[in-house]
Amino acid sequence: MEPWVDYEFRKDSPIGLGYRVPMLVASPWSKGGYVNSQVFDHTSSLMFLEKFLSHKTGKQIKSEVISPWRRAICGDLTSVFRPYHGEDLKTPERLKKEKVITGIQNAKSKPAQVTPTALSKTEIDKINTYLPFSKDASTFAAVQEQGTRLACALPYQLAVDAGLNAEKTVLKLNFAAAKTAFGQQLEAAGAAFNVYTAGKYKKEAGKTWAYAVKAGDSLTDSWEITAFENGNYDLNVNGPNGFFRQFKGDAADPAIEMASVYEQSGLLKKLTGNVQLILENKENTTVEVLIKDEAYMANSKTIKIAANSKKIVTLNLQKSKGWYDFVITVAGRPNFLKHYAGHVETGEESISDPLMGGVIA
């Protein structure tokens, strides 16, 4: 038996990843206040040491207590660091002992904290309803500092799409993680996906499913349409770095195949940072597809697709630096909806989500 089997499946030990917690990295090679949203866990530091020491010694060094699953899903911290190119590294000014002690002593004489007044139902509803930077937002809502930060290049190229089978009795979801060459010594990473339905599936509300796909692989799962409440499916998919998909519809979905892919250009198929939608109309009449970009306000459009034809629509994401959030519907089909959100990784540095930072309102 492999050593990691006992380590991973020990009695009463947790299975999978735990709660999300923040991590701070202080290093000359991580300076600049960059944000990194790759998935790491407690084995990531071990995997980093493996890579560092293997490179340093010229020997293959590998821990035996890290499972293949964690190696596929959790990063090795490589994406946190950037190479040194001879820049002048300025050392922060040292703390002044007397000033620090005085500050600590002065803190003792601060007035007691005032107990806050309980919020009214109206204020609570405003907090739950409006985004922090909107004009209707509550003044009591917690708000992060406005603006964006530089973001590390991440080794993700993830995709999840959905469609009905030929008989329109089953909804199929395909999960994929491409094995793209991202550069900067980054190795393509796999990802864990969480799927849930807000309604009922097989009479159970809030049903959830968990999946994991290693880099260069894909998997498919299916759900019976009749098992959803009233035959209306509604599945949501969450992945790392803001990746989100929502699929809604029923057995009367239009015969339109849709896929969201990342645009590539040139002989090397370099990722441009844009998204392309591949839309194929298998109906016998022209259909009208509506794309709503109410988040970044750059790609709302209406597309008419002739019967038995295909169109490729490019969504330019340069304004939002690769961040996207758009909804696709079809005229005359009120139950049908596909929602795509996330960030296109290109192997280059980027920025944190400008919508979350209140830069795009």
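How many residues lie between β9 and β10 in the hairpin that they form? Five residues lie between them, and Asn-241 in the turn has a positive phi of about 55°.

The legends below describe a predicted model, in which local features need pLDDT of at least 70 and side-chain atom pairs count only at pLDDT 80 or more, while totals for chains, interfaces and linings use all residues. Residues are numbered from 1 along each chain as its sequence is written, and side-chain values use heavy atoms, with hydrogens and water left out.

**Figure 1. The protein chain as a whole.** The protein chain has five helices and 18 strands, where helices (H or I, at least four residues) and strands (E, at least two) are DSSP runs numbered from the N terminus. The C-alpha trace spans about 80 × 60 × 50 Å along its principal axes. Of the 361 residues in the protein chain, 37% are buried; here buried means under 20% relative accessible area, exposed means over 50%, and partly exposed lies in between, with a 1.4 Å probe and protein chains only. Among the contacts (heavy atoms within 4.5 Å) with a separation of 6 or more, 64% are between residues 24 or more positions apart.

Figure 2. Strand β9 (residues 233-238) is mostly covered, since five of its six residues are buried. Six bridges join β9 to strand β10 (residues 244-249), and the two run antiparallel; in this pairing, Asn-238 has Phe-244 of β10 as its bridge partner. Strand β4 (residues 191-196) is also joined to β9, by three bridges and in antiparallel fashion, and Val-195 stands opposite Val-237 in β9. Two strands are said to pair if DSSP finds at least two bridges between them.

**Figure 3. The open sheet β2-β3-β8.** Three strands form this open sheet in the order β2-β3-β8, and the pairing is antiparallel. The edge strands are β2 (158-164) and β8 (217-224), each of which pairs on one side only. From one strand to the next, the twist averages 15°, with axes taken as lines fitted to C-alpha atoms and angles running from 0 to 180 degrees between N-to-C directions. Strand β3 (residues 170-177) is joined to β8 by eight bridges, and Ala-176 has Ser-218 in β8 as its bridge partner. In a regular strand the side chains alternate between the two faces of the sheet.

**Figure 4. The surroundings of Gly-16.** Gly-16 lies in the loop between α1 (3-8) and α2 (44-57). Gly-16 counts as buried because its relative accessible area is 17%. When residues up to four places away in sequence are not counted, Gly-16 touches Trp-69 and Arg-70. Although Gly-16 and Ala-192 are 176 residues apart in sequence, their C-alpha atoms are 9.5 Å apart in space.

**Figure 5. The surroundings of Thr-148.** Thr-148 is found in the loop between α5 (121-129) and β1 (150-151). Thr-148 counts as partly exposed because its relative accessibility is 33%. Neighbours within four places in sequence left aside, Thr-148 is in contact with Ile-351, Ser-352, Asp-353, Pro-354 and Val-359.
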